[in-house]
Amino acid sequence: MIPAYVDALNQEIKFVGSLRAERTLSERQRDEVADEAQVHTIFFGGGTPSLLSPLQFDSIFKNIRAAFTLTDDAEITIEANPGTVSYENLLELRKIGINRISFGVQSANMEELRMLERTHDFFTVIEAVTSARKAGFDNLNLDLIYALPEQTLQTWQTTVKRILDLHPEHISAYALTLEHGTPFGRWSSKGLLPIPDPDLAAEMYEWVSETLAANGYLQ
């Protein structure tokens, strides 16, 4: 389904660009639209967009540049699972123009990663970060999840400390949300998984906020 999706995305980019071009505007309105068309952020997120080939990304960027004006310092991010990238692939993405990666690390604890049905381990995370740096990425985000079932404050602290050792430019910490229709939601409703303790979740949040601030990360 990926080629069809990329084709639909390119068609929508062209469509939005054509709407801008067809507007009949006053001089002031034209200036406002020109400012609005200055793109400073592009984010490929949700799922695993790193599964797209460099050629597919290249086609998307060609259409974006044709429809919009990118600022010189535009931040262009791709989300990726650590186990789905290689140095060669990252090098190609960097050449295309992507300059920021958001890795879905989630945890440094193998048992927690298994529960989340993640295919990577923390050594894979280290390899992914190392390859990204080698490929020229100087802006990395690492995603983490806390308040997992049976997660302790100690395992959470260990994860955060290991992440800090990798020196990412940005760290995202999300509390687990039990959504209807998801495996976690079904398991917890049947009593197969304990519901995360809200007091412990608050303690985890307070600790990580203080710890990241002490290490130079501003919220």
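Q: How many bridges are there between β3 and strand β4, and in which sense do they pair?
A: This is a predicted model, and in it β3 and β4 (residues 140–146) pair in the parallel sense over five bridges. Within β4, leucine 144 is the bridge partner of glutamine 106.

Q: OK, and what about β2 and β3, how many bridges join those?
A: Four, and β2 and β3 (residues 100–106) run parallel. Isoleucine 78 has isoleucine 101 in β3 as its bridge partner, while glutamate 79 stands opposite serine 102.

Q: Which strand is joined to β2 by six bridges?
A: That's β1 (residues 38–44), which runs parallel to β2 (residues 69–80). Phenylalanine 44 sits opposite isoleucine 78 in β2.

Q: What kind of unit do β1, helix α3 and β2 make?
A: A right-handed β-α-β unit, with α3 covering residues 54–67.

Q: Back to β3. Why is it largely enclosed by the rest of the structure?
A: Because seven of its seven residues are buried. Both faces are covered: Arg100, Ser102, Gly104 and Gln106 are on one side, and Ile101, Phe103 and Val105 are on the other.

Q: Changing topic: which residues have the most contacts inside the largest nonpolar core?
A: Ile101, Phe103 and Phe137, in a core of 49 residues. There's also a second, separate core of five residues, including Met115 and Leu148.

Q: And what does isoleucine 101 touch, if you skip its neighbours within four places in sequence?
A: Its contacts are Ile78, Ala80, Leu90, Ala132, Phe137, Asn139, Leu140 and Asn141. One of them, Ile78, is also its bridge partner.

Conventions: Residues are numbered from 1 along each chain as its sequence is written. This is a predicted model: local features need pLDDT of at least 70, side-chain atom pairs count only at pLDDT 80 or more; totals for chains, interfaces and linings use all residues. Side-chain values use heavy atoms; hydrogens and water are left out. A nonpolar core is a set of buried Ala, Val, Leu, Ile, Met, Phe, Trp, Tyr and Cys residues joined through side-chain atoms within 4.5 Å. Buried means under 20% relative accessible area, exposed over 50%, partly exposed in between (1.4 Å probe, protein chains only). Contact means heavy atoms within 4.5 Å. Two strands pair if DSSP finds at least two bridges between them. Helices (H or I, at least four residues) and strands (E, at least two) are DSSP runs, numbered from the N terminus. A crossover is right-handed if, with the strands pointing away from the viewer, the path from the first strand over the helix to the second runs clockwise.
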